[in-house]
Amino acid sequence: MSLESVRRFFAEHAPDIDIIELAESTATVEMAARAHHVAPAQIAKTLSLKVKNEVILVVTCGDARLDNRKLKQALGAKARMLSVDEVVNYTGHPVGGVCPFGLEQPLQVLCDISLRQFSEVLPAAGSIHSAVRISPARMAELTDARWVDVCQ
């Protein structure tokens, strides 16, 4: 169902973007990079966080690590990672397939500036076997994301 919600999202908002489906799992950054023949940094990983009472998504380069100080400064409060169950409940996507597209409910999306080093990144597409190739600028535009500097 999650892949289907992403499929509907792209059909409505960006029909020119194709979803790539693979037989092998792309659930981790390393697996996705190997399957798509790109550097791990080019995989756009989506992190699900809770800040106060708000759930947000932060999309970063696959090899980037969050900087807690920068994150707190950008968000105005300390953030915590969601549990596996919370991720599924809020996003509608399974862990390993989380992306900022076709969400269960509207969530604020932040894109880390680390993504800008690439002309194209590969975020998941709602399952552990799917992804899309998209420019960071287009991903931010389609998801109404705000650009932030929250990684080390």
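This briefing describes the strands, pockets, cores and selected residues of the structure above. The model is a predicted one, and every value given here is computed from it. Strand β2, residues 43–51, runs through much of the description: 8 of its 9 residues are buried, and β2 also gives the most residues to the lining of the largest pocket.

**Strand β2 and its partners**

- Strand β2 pairs with β3 in the antiparallel sense over 8 bridges, and within this pairing Ser 48 stands opposite Leu 57 of β3.
- Strand β6, residues 122–123, runs parallel to β2 and is joined to it by 2 bridges, with Ala 44 standing opposite Pro 123 of β6.
- The hairpin formed by β2 and β3 has 2 residues between the strands, and in this hairpin Lys 52 takes a positive phi near 55 degrees.

**Two buried residues in the paired strands**

- Ser 48 is found in strand β2 and has a relative accessible area of 5%, so it counts as buried.
- Leaving out residues up to four places away in sequence, Ser 48 touches Ile 56, Leu 57, Arg 80, Met 81, Leu 82, Val 87, Thr 91 and Val 98.
- Between Ser 48 and Leu 75 there are 14 Å in space, C-alpha to C-alpha, while the two lie 27 residues apart in sequence.
- Thr 60 has its place in strand β3, which covers residues 54–61, and it counts as buried because its relative accessibility is 0%.
- Neighbours within four places in sequence aside, the contacts of Thr 60 include Ile 43, Ala 44, Lys 45 and Leu 47, and they also include Leu 66, Asp 112, Ser 114, Leu 115 and Cys 151.

**Exposed loop residues with positive phi**

- His 37 has a phi near 55 degrees, a positive value in a residue other than glycine, and its place is in the loop between α2 and β2.
- With a relative accessibility of 71%, His 37 counts as exposed, because the cut-off for that class is over 50%.
- Lys 52 likewise is a residue other than glycine with a positive phi, near 55 degrees, and it is placed in the loop between β2 and β3.
- The relative accessibility of Lys 52 is 65%, and it therefore counts as exposed.

**The nonpolar cores**

- The largest nonpolar core has 45 residues, and those with the most contacts inside it are Phe 10, Leu 66, Phe 101, Leu 115, Val 132, Ile 134 and Met 139.
- At least two residues of this core come from each of α1, β2, β3, α3 (68–75), β5 (108–112) and α5, and the largest share, 6 residues, comes from β3.
- Apart from this core lies another one, of 6 residues, among them Val 29, Ala 33, Ile 43 and Leu 122.
- Met 139 touches Ala 44, Val 59, Pro 100, Phe 101, Cys 111, Leu 115, Val 121, Pro 123 and Ile 134, when residues up to four places away in sequence are not counted.

- The largest pocket holds about 420 Å³ of space and is lined by 26 residues, of which Ala 27, Lys 45, Thr 46, Gly 96 and Val 98 lie nearest its centre.
- Each of α2 (29–36), β2, α4 (84–91), β6 and β7 (130–132) supplies at least two residues of this lining, with β2 giving the most, 6 residues.
- By residue type, the lining of the largest pocket divides into 16 nonpolar, 9 polar and 1 charged.
- The second largest pocket holds about 190 Å³ of space, and its lining is made of 13 residues, of which Phe 9, Pro 100, Leu 103, Pro 106 and Thr 143 lie nearest the centre.
- Two or more residues of the lining of the second largest pocket come from each of the helices α1 (2–13) and α5 (136–143).
- The lining of the second largest pocket divides into 8 nonpolar, 4 polar and 1 charged residues.

Conventions. Residues numbered from 1 in each chain as written. Predicted model: local features only at pLDDT ≥ 70, side-chain atom pairs only at ≥ 80, totals over all residues. Heavy atoms only, no water. Helix = DSSP H or I, 4+ residues; strand = E, 2+ residues; numbered from the N terminus. Buried < 20%, exposed > 50% of the residue type's maximum accessible area, 1.4 Å probe, protein only. Contact = heavy atoms within 4.5 Å. Pairing = 2+ DSSP bridges. 1 Å grid on protein atoms, 1.4 Å probe; cavity = no way out; pocket = protein on both sides within 12 Å on 5 of 7 lines; lining within 4 Å. Points joined across faces, edges and corners; volume = space filled by probe spheres on them. Nonpolar A, V, L, I, M, F, W, Y, C, P; charged D, E, K, R; others polar. Core = buried A, V, L, I, M, F, W, Y, C linked by side-chain atoms within 4.5 Å.
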